[in-house]
Amino acid sequence: MNRDRGVSSGADTPRRRLRSDAVANRERLLAAAVTTLMRHGTGATLSQIAEEAGVGIGTLYRRYPTREDLLEALQLRAFGLVIDLVREIEARDLRGIDALRTFLERTVDHGSQLVMPAHGAPVSSSAEIHQRRGELHGRIAAMVERGVRDGSLRPDLTMRDVVVFGSLIAVPQPDAGDWSALMARQIDLFIDAAGCRQSPDESRV
């Protein structure tokens, strides 16, 4: 019985390595696709993406038979990146306004990786994308609600306000100069507007 367990454990190691390699290869393909789309725009071809990834076009087609399959995978990757970002912020237990600022700043950092409908990607009917979008919106709504409860965010701020502003600042515009510095100012202005201000009567209490 012990020998059987030992054999099984040894056999699992190559399988785990194969799974790890497959994940790494998939990420390399998707990262190459993002880079190629940034360089060549939405007219980028699958052969250009394969060349950027350093793989044969057959390898790309086996994993993503159509352009739509590839764009769907890129959207799933983008939603996953932003959901992971929100989870990291949640774990820090920040005030709502500080959590919101961190989210917006990190959105700018991730911007070039975010292939989403708000940034020009086609709208997908995928159930998995719909589920991830719902999860992301729910987490952003909860972040806003915490800020309203702790008094750091104005009560009429909505999840939609944050999503729309985040989509506007995420992807750099051509010839915009230092995008990070430019967006830092826009974030300052948004946070200033989103913050909860005391009324004159409250400030005298």
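Guide: Start with a cut-off: buried means under 20% relative accessible area, exposed means over 50%, and partly exposed is in between. Keep in mind that this is a predicted model.

Visitor: What makes Val171 count as partly exposed?

Guide: Its relative accessibility is 33%. That value falls between the limits of 20% and 50%, so Val171 counts as partly exposed.

Visitor: Where does Val171 lie?

Guide: Val171 is in the loop between helix 7 and helix 8. Its C-alpha atom is 8.6 Å from that of Gln113, and the two residues are 58 apart along the chain.

Visitor: Why is Asp93 called exposed?

Guide: Asp93 has a relative accessible area of 69%. Exposed means over 50%, so Asp93 is exposed. Asp93 sits in the loop between helix 4 (67-91) and helix 5. Its phi is near 55 degrees, a positive value in a residue other than glycine.

Visitor: Why are helix 5 and helix 8 called roughly antiparallel?

Guide: Helix 5 (residues 96-110) and helix 8 (residues 179-194) pack at about 155 degrees, with axes 10 Å apart. Angles over 145 degrees count as roughly antiparallel. Helix 5 and helix 8 are therefore roughly antiparallel. The crossing of helix 5 past helix 8 is right-handed.

Visitor: Which residues meet in the contact of helix 5 with helix 8?

Guide: From helix 5, they include Leu100, Leu104 and Val108. From helix 8, they include Met183, Ile187 and Phe190. By class, this contact of helix 5 with helix 8 has 10 nonpolar, one polar and three charged residues.

Visitor: What covers the buried residues of helix 5?

Guide: The cover includes helix 4, helix 6 (127-149), helix 7 (159-170) and helix 8. Among the buried residues of helix 5 are Gly96, Phe103, Thr107 and His110.

Visitor: How does the reach of helix 5 compare with the expected 21 Å?

Guide: Helix 5 has 15 residues and reaches 21 Å from first C-alpha to last. That is close to the 21 Å expected at 1.5 Å a residue.

Visitor: What is the angle between helix 6 and helix 7, and how is it classed?

Guide: Their axes cross at roughly 115 degrees and come within 8 Å. The range 65 to 115 degrees counts as roughly perpendicular, so helix 6 is roughly perpendicular to helix 7. Helix 6 passes helix 7 in a right-handed crossing.

Visitor: Which residues of helix 6 meet helix 7?

Guide: His137, Ile140, Ala141 and Val144 do, against Met159, Arg160, Val162 and Val163 in helix 7. The contact of helix 6 with helix 7 divides into six nonpolar, one polar and one charged.

Conventions. Residues numbered from 1 in each chain as written. Predicted model: local features only at pLDDT ≥ 70, side-chain atom pairs only at ≥ 80, totals over all residues. Heavy atoms only, no water. Axes fitted to C-alpha atoms, helices over the stretch in contact; angles between N-to-C directions. Helix = DSSP H or I, 4+ residues; strand = E, 2+ residues; numbered from the N terminus. Parallel < 35°, antiparallel > 145°, perpendicular 65-115°, else oblique. Left-handed = near helix turned anticlockwise from the far one by under 90°. Contact = heavy atoms within 4.5 Å. Nonpolar A, V, L, I, M, F, W, Y, C, P; charged D, E, K, R; others polar. Buried < 20%, exposed > 50% of the residue type's maximum accessible area, 1.4 Å probe, protein only. Expected span 1.5 Å × (residues − 1).
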